[in-house]
Amino acid sequence: MRYAQKSWRTFRTALKALLRNPMRAMLTTLGIVIGVAAVIAMMEIGAGSSASIQKTIAKMGANVLDVRPGAAASGGVTFGSGSTTTLTPEDADAIMRECSAVRAVAPLVHTRAQVVYGNRNWVPTFIYGSTPSYLDVQNWTIGSGVSLTNRDVANGNKVCLLGETLVRELFQGENPLGKEIRIKNISFRVVGVLGRKGANMMGMDQDDVIIAPWTTIKYRVTGATLSDANQSASSSSSSSVNTLSNLYPSDQPSLYPERSDVQAADNPMPVRFTNIDHILVSARSAGQIPAAIDQITKVLRERHRIRPGEADDFSIRDMAQMTEALTSTTTQMTNLLLAVAMISLVVGGVGIMNIMLVSVTERTREIGLRMAVGARAKDILQQFLVEAVVLCLVGGSLGIGLGHGGSLLVRMLLRWPVETSPAAIAAAVIVSASVGMIFGFYPAWKASRLDPIEALRYE
Amino acid sequence: MDKIIEIQDIHKTYRMGDIAVPVLKGISLFVGRGEMVALMGSSGSGKSTLMNILGCLDRPTSGVYKLDGELMSNLSADQRAMVRNRKLGFVFQSFNLLPRTSALDNVAMPLTYTAGHLSEKEARRRAAEMLARVGLGERLDHEPSQLSGGQQQRVAIARALINQPPLILADEPTGNLDSRTSEEVLAMFQTLHQQEGITIIMVTHDPQVARHAQRVIYIHDGLIVDRLPGQDDNQAEVRP
Ligand SMILES: Nc1ncnc2c1ncn2[C@@H]1O[C@H](COP(=O)(O)OP(=O)(O)O)[C@@H](O)[C@H]1O
Ligand SMILES: [Mg+2]
């Protein structure tokens, strides 16, 4: 009780001393205000972007593994050496069949081409060829209409699903279901519209997409080529040999006369497996990802006849790794900015020290008087220390308000995600009090060491 | 007689680099409880130095100082601060009030350092009472800049009285005041001395001021003398 009374009195004395010169007190604490405001704003914006990345990851399906041909990673399209094949639809089937940690598998081919409806056209970011399980793997739903079927894939049916962006660009309010769009002069019937997905982590619009059976994309749109990376390659290869063109008839005319079944039986040609661009795999859960990677590696090495010691001719990319990398980049950025904000707090602290030293000199007589009427050295030390801390805490509170206001403004004007962080506020209070303690200590100590007689005589 | 102050052979020597400057050269004196004593002497004779020692702000180089029967010579700095707070009241030539602070807060200030803390309300009540006693009951909220010199010195006296000390030390309390306000302040000291039995030691240059005291002590060049050089007999010291 007595202690509380004493603390309250000390606090009041400090506040009164500061209010004797309110303008100076405000200017002195401005550095702290700015420093704390910067810290709070950084923390809130940083927490906001981390949270939004987490959300995006969850939406993307964090359990998705991306299996790619080994050579594809280097950008060029190769068939690999010797008997090695790159990824095939059969690989995808094998993974689904043999890997227990895998929930769903979707082979994927992609291309870029112009899409035409009526007199409008558009080049979507993605034209994907896959199977019905693609939506399952990607955690995507149909907004209206129906999904693709396995029969569509088997027959190479000319049907497709549209993303929202495409619907908006091509149809402009018209109902797209049942309408025909043309990709490279091939008509596709729109059977469904995908639900909205928004931007992915890279900021690409995921709704700017067409999904069709991979067989249709592969054999009708890009011809027999593996290449989707450039259009010239795909057009030049339209005349290349495709042994499966019998199975999945292409619009491109064949250079060679068709072999009859008898010819094929008599003189079997080595079957060139159809290559696909990706196999997307969804693990049963995030915890199953390592097991899934092991199982897929085993299955693919076996199927591709890779001897022990030889390198894989495929690579498995774990989204978790990518998200981790992204999250850590944001965290690093936030920490960097936080460090800058901290520096401004230190600068603010130096300002406090400077003014407190001036104040101690100015108030030398007051200090002498206080000592004459019974203040001990530690009372004087405490008084000036409390003054510095109160100054910093007032600055800190103003800074919290300002920083919070600033981050709200950022949210409103720039539409950045922002998240209020109670930890940041607690940290700001503790940090500004500590700045007061640290930078207020020297002036307070100097004050407490004054000789009362000399202090009283000071002019 | 009950002696509130008793000093024996007090020396004070300042060191200026290698040179020793003796200021007090062996002073012995008593002050009885309830006495009102004036301390006179020319400028630089060592009056303030002696007052600082009596006020426990400074320590003598050698000699014995007993205040209220207690030996002050071997107290720590914190203990001396406590003695100043409880037993002494200071009145300065230049008032030394806190600027931009109300008379009430100025008077209550020493209570901040008093061990048994009073509640805020009690402290303010006591400060108001003290201000009323020095005739400033109407000016509790005035700041020093809004008060005349005489009023400021009365605020300072109220501040000296707040802890009800038995002894008040005043170093040239009227030095900055004109003769009329000086009279006011001296009358106040006399009242305190006569009605409350407070011991008062007052430094002054002015024989008119010294006349208010029961006894005058003369200091010349660091020593107590019977009379100052060039002084007539009727002002000579009357030892009790
Ligand atoms: N801190 C100090 N250091 C050195 N000399 C001092 C100090 N304080 C006082 N003196 C000297 O002591 C002498 C007496 O000073 P003081 O007691 O203030 O005289 P006064 O009688 O006018 O009050 C003066 O000559 C002064 O210069
Ligand atoms: Mg003097």
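**Note on the predicted two-chain model**

1. What does the side chain of A:R12 meet in a salt bridge? The partner is B:E120, at 2.6 Å from N to O. A:R12 sits in helix α1 (residues 2-19) of chain A and B:E120 in helix α4 of chain B, so this pair joins two chains. Side chains of opposite charge can pair when their charged atoms come close.

2. A:K16 also reaches across. Its side chain meets that of B:D105 in a salt bridge, again given as 2.6 Å, N to O. The count of salt bridges between chain B and chain A is two. Over all chains, the structure holds 30 salt bridges.

3. Now the interface as a whole. Chain B brings 29 residues into contact with 24 residues of chain A. About 2600 Å² is buried between the two chains, and carbon and sulfur atoms give 53% of that area. The rule finds 10 residue pairs in polar contact across the interface, with both residues at pLDDT 80 or more. On the chain B side, the elements giving two or more residues are α2 (77-87) and α4 (120-133). Of these, α2(B) supplies the largest share, four residues.

4. Which of its residues are buried? They are B:R80, B:A81, B:V83, B:R84, B:N85 and B:K87. The cover over these buried residues comes from both chains: it includes α12 of chain A, together with β4 (62-67), β5 (70-71), β6 (88-91) and β7 (167-171) of chain B.

5. Within chain A, check A:D91 and A:R303. They form a salt bridge whose closest N and O atoms are 2.5 Å apart. A:D91 lies in helix α3 (residues 89-98) and A:R303 in helix α10 (residues 289-303), so the pair ties together parts that are 212 residues apart in sequence. Are the two partners buried or exposed? A:D91 is buried, at a relative accessible area of 1%. A:R303 is partly exposed, at 33%.

6. A second pair in chain A is A:R376 with A:D379. Their closest N and O atoms are 3.1 Å apart, and they form a salt bridge. A:R376 is partly exposed, with a relative accessible area of 24%. A:D379 is buried, at 7%.

7. There is also a network. A:R20, A:R363, A:E366, A:R370 and A:E387 are linked by salt bridges.

8. How confident is the prediction for chain A? The mean pLDDT is 82, and 82% of the residues score at least 70.

9. The make-up of chain A is quickly stated. It has 15 helices and 12 strands. Of its 459 residues, 46% count as buried. Its accessible surface comes to about 22700 Å², with 59% belonging to carbon and sulfur atoms. Of the contacts between residues at least 6 apart in sequence, 79% join residues at least 24 apart.

10. A:S448 is in helix α14 (residues 422-448). This serine counts as buried, at 8% relative accessibility. What does A:S448 touch, leaving aside residues up to four places away in sequence? It touches A:M371, A:A377, A:I380 and A:L381.

11. A:L27 is in helix α2 (residues 22-60) of chain A. This leucine is exposed, with a relative accessible area of 56%. A:L27 and A:I352 are 325 residues apart in sequence, yet their C-alpha atoms are 9.5 Å apart in space.

Methods
Residues numbered from 1 in each chain as written. Chains lettered and ligands numbered in written order. Heavy atoms only, no water. pLDDT = per-residue confidence, 0-100. Buried < 20%, exposed > 50% of the residue type's maximum accessible area, 1.4 Å probe, protein only. Contact = heavy atoms within 4.5 Å. Areas by Shrake-Rupley, 256 points an atom, 1.4 Å probe, with all protein chains shown as cover. Buried area = accessible area lost by both parts, 1.4 Å probe. Salt bridge = Lys/Arg side-chain N within 4 Å of Asp/Glu carboxyl O. Polar contact = N/O pair within 3.5 Å; in protein donor to acceptor, adjacent residues only side chain to side chain.
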